[in-house]
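Here's a quick briefing to read alongside the coordinates. We'll take the overall build, then zoom in on one helix pair.

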Amino acid sequence: AVAGLNVAIPNKSKSIKDYQNVYNDIAEKIREEDEFDNYIGYGPILVRIAWHSSGTFDKNNMTGGSFGGTMRFKKEINDPSNAGLKQADEFLAPIYKKHSWISHGDLYTLAGVTAVQEAQGPKIPWRPGRVDQPENTTPENGRLPDATGDSSYVRNYFGRFGFNDTEIVALIGAHCLGKTHLENSGFEGPWGAASNVFSNEFFVNLLNENWKLQKNAAGNEQYDSPKGYMMLPADFALRQDNKFLKLVKAYANDQDLFFNDFAKAYVKLLESGIHFPADQKPFIFKTLDEQE
Ligand code: ZEM
């Protein structure tokens, strides 16, 4: 064991086939329930629950992260930063019931992997072995980022995971998916036109739209464009810092570069605080399309 790290314990009686079956059930349910959130579907909210279940990690004391699956407890799902994510938990409940051998941490992260791949995003290598931990290991509320932060806030926030500028900018590119909801976060609107397709559209829009800082119906300032897109102050911060801006431009010009960097950073995010046995090879799942 490595001091302070949670050590993954892969279930020896399960193979990639078992996890591909879970993947397929999640992917088929995303397809079937496509009317969710005005036909955006469940993909974006599944990416968000994977990120928030990992986003409690703190490398300074090695607490939080996806390992313990503590998002299943009231204290964590009721964190105001997690508003709306109950719908993702409810979506996953029947999947868990059918495959109850899987840990919650593995299920939340596998759902986030499935959602990215099924939205035509990059392949996300994934390793199982997270182990459910008891309720008293649930991290305190307030570890997720503040959407009103500026560039130094964003850089400093992700420093808690040990992420560099490339990893930070690539990860926030996940805002190509889904939208903000006034009732969840006090912000409103999508980042682009194709809210259920994983692409570099976030970066293209961030650079090219005509943004105007406006107060929304909840009284919060957000950047709005004539096409009806929005950016959070923390998104716009990626334009206001020269090192971030260079990466935004690179990803807007080269979707393959974005896909590559995103996949690496997302794996790191979902595995934050976990030590995997050296010989444990990641699984790469097939999309539903590839299996047809
Ligand atoms: Zn988000 N995010 N996020 N994010 N996020 C929202 C929605 C989504 C921030 C943030 O404040 C918000 C990352 C980083 C950061 C997704 C994925 C990832 C919303 C809107 C807010 C306010 C919630 C609502 O109203 O329903 C901030 C400040 C971030 C960093 C600085 C990272 C990293 C992500 C994944 C890798 C996704 C997919 C959504 C859309 C959810 C949905 O329901 O449509």
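**Quick briefing**

Of the protein's 292 residues, 54% count as buried. Keep in mind that this is a predicted model. As for secondary structure, the protein has 14 helices and seven strands.

**Overall build**

- With a radius of gyration of 18 Å, close to the 19 Å that the globule rule gives for 292 residues, the protein is as compact as a globular protein of that length.
- Taken along the principal axes, the box filled by the C-alpha atoms is roughly 55 × 45 × 35 Å.

**Surface and contacts**

- Take the contacts between residues at least 6 apart in sequence: 73% of them join residues at least 24 apart.

**The α5/α6 pair**

- Two packed helices are described by the angle between their axes and the distance between those axes.
- Here, helix α5 (residues 86-98) and helix α6 (residues 104-118) have axes that come within 11 Å and cross at roughly 115°.
- The crossing of α5 and α6 is right-handed.
- On the α5 side, the contact is made by Asp89, Leu92, Ile95 and Tyr96, while α6 brings in His104, Leu107, Tyr108 and Ala111.
- Sorted by class, the contact of α5 with α6 has six nonpolar residues, one polar and one charged.

How values were computed
Residues are numbered from 1 along each chain as its sequence is written. This is a predicted model: local features need pLDDT of at least 70, side-chain atom pairs count only at pLDDT 80 or more; totals for chains, interfaces and linings use all residues. Side-chain values use heavy atoms; hydrogens and water are left out. Axes are lines fitted to C-alpha atoms, for helices over the stretch in contact, and angles run from 0 to 180 degrees between N-to-C directions. Helices (H or I, at least four residues) and strands (E, at least two) are DSSP runs, numbered from the N terminus. A crossing is left-handed if the near helix is turned anticlockwise from the far one by less than a right angle, and right-handed if clockwise. Contact means heavy atoms within 4.5 Å. Ala, Val, Leu, Ile, Met, Phe, Trp, Tyr, Cys and Pro count as nonpolar, Asp, Glu, Lys and Arg as charged, and the others, Gly among them, as polar. The radius of gyration is taken over C-alpha atoms; the globule rule is 2.2 Å times the number of residues to the power 0.38. Buried means under 20% relative accessible area, exposed over 50%, partly exposed in between (1.4 Å probe, protein chains only).
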